[in-house]
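Please examine the sequence and the model shown below.

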Amino acid sequence: MYLLDEPENSLSAENQQKLACFLEDFYRFYKCQFTISTHSPFLLAVKGVKVYDMDELPFKVKNGLI
């Protein structure tokens with residue numbers, strides 16, 4: 001399990017997309033689990049992602065952007 005706090009900081013949009021592909025590949029091939037706090041639409045759009053919306057009480061689980 002990996003915990004990442006806003007890993008998209010200081011990354012260009014292109015590099016955020018590369019990071020999203022990297023995370024998706026690590027999950028698919030190595031079954032790594034990631035818990036990420038982010039505002040990045042690229043990371044929220046990763047296939048199969050669960051988004052926990054903490055702006056609402058009780059917290060709601062939503063599918064990613066795709």
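A network of salt bridges links D53, E56, K60 and K62; a salt bridge is here a side-chain nitrogen of Lys or Arg within 4 Å of a carboxyl oxygen of Asp or Glu. The model is a predicted one, in which local features need pLDDT of at least 70, side-chain atom pairs count only at pLDDT 80 or more, and totals for chains, interfaces and linings use all residues. Residues are numbered from 1 along each chain as its sequence is written, and side-chain values use heavy atoms, with hydrogens and water left out.

E56 is partly exposed at 27%, K60 is partly exposed at 43%, and K62 is partly exposed at 35%.

By the rule given above, the count of salt bridges comes to five. One of them joins the side chains of E14 and K18, at 3.6 Å from N to O. Both residues belong to helix 1, where E14 and K18 are four residues apart, about one turn of the helix. Helices (H or I, at least four residues) and strands (E, at least two) are DSSP runs, numbered from the N terminus. E14 counts as exposed because its relative accessibility is 52%. In general, side chains of opposite charge can pair when their charged atoms come close.

A pair of aromatic rings is described by the distance of the centres and the angle of the planes. Rings of Phe, Tyr and Trp (its six-membered ring) pair if their centres lie within 6.5 Å; planes under 30 degrees apart count as stacked, over 60 as edge-to-face and the rest as tilted. By this rule there are three aromatic pairs. In one of them, F22 and F26 are tilted, with 4.5 Å from centre to centre and 35 degrees between the planes. F22 and F26 are separated by about one helical turn, because they are four residues apart in helix 1 (residues 13-30). F22 is partly exposed at 43% relative accessibility, and F26 is partly exposed at 26%.

F26 forms a tilted pair with Y30 as well, at 5.0 Å centre to centre and 55 degrees between the planes. F26 and Y30 are again four residues apart in helix 1, about one turn of the helix. Y30 counts as exposed, at 57% relative accessibility.

Lastly, Y52, M54, L57, F59 and V61 make a nonpolar surface patch of about 620 Å². Patches are made of residues with over 30% relative accessible area and no salt bridge: like charges are joined within 9 Å, nonpolar side chains (Val, Leu, Ile, Met, Phe, Trp, Tyr) within 5 Å. Accessible areas come from the Shrake-Rupley method with a 1.4 Å probe. V61 lies in strand 4 (residues 60-63) and is exposed, with a relative accessible area of 52%.

Technical notes: Buried means under 20% relative accessible area, exposed over 50%, partly exposed in between (1.4 Å probe, protein chains only).
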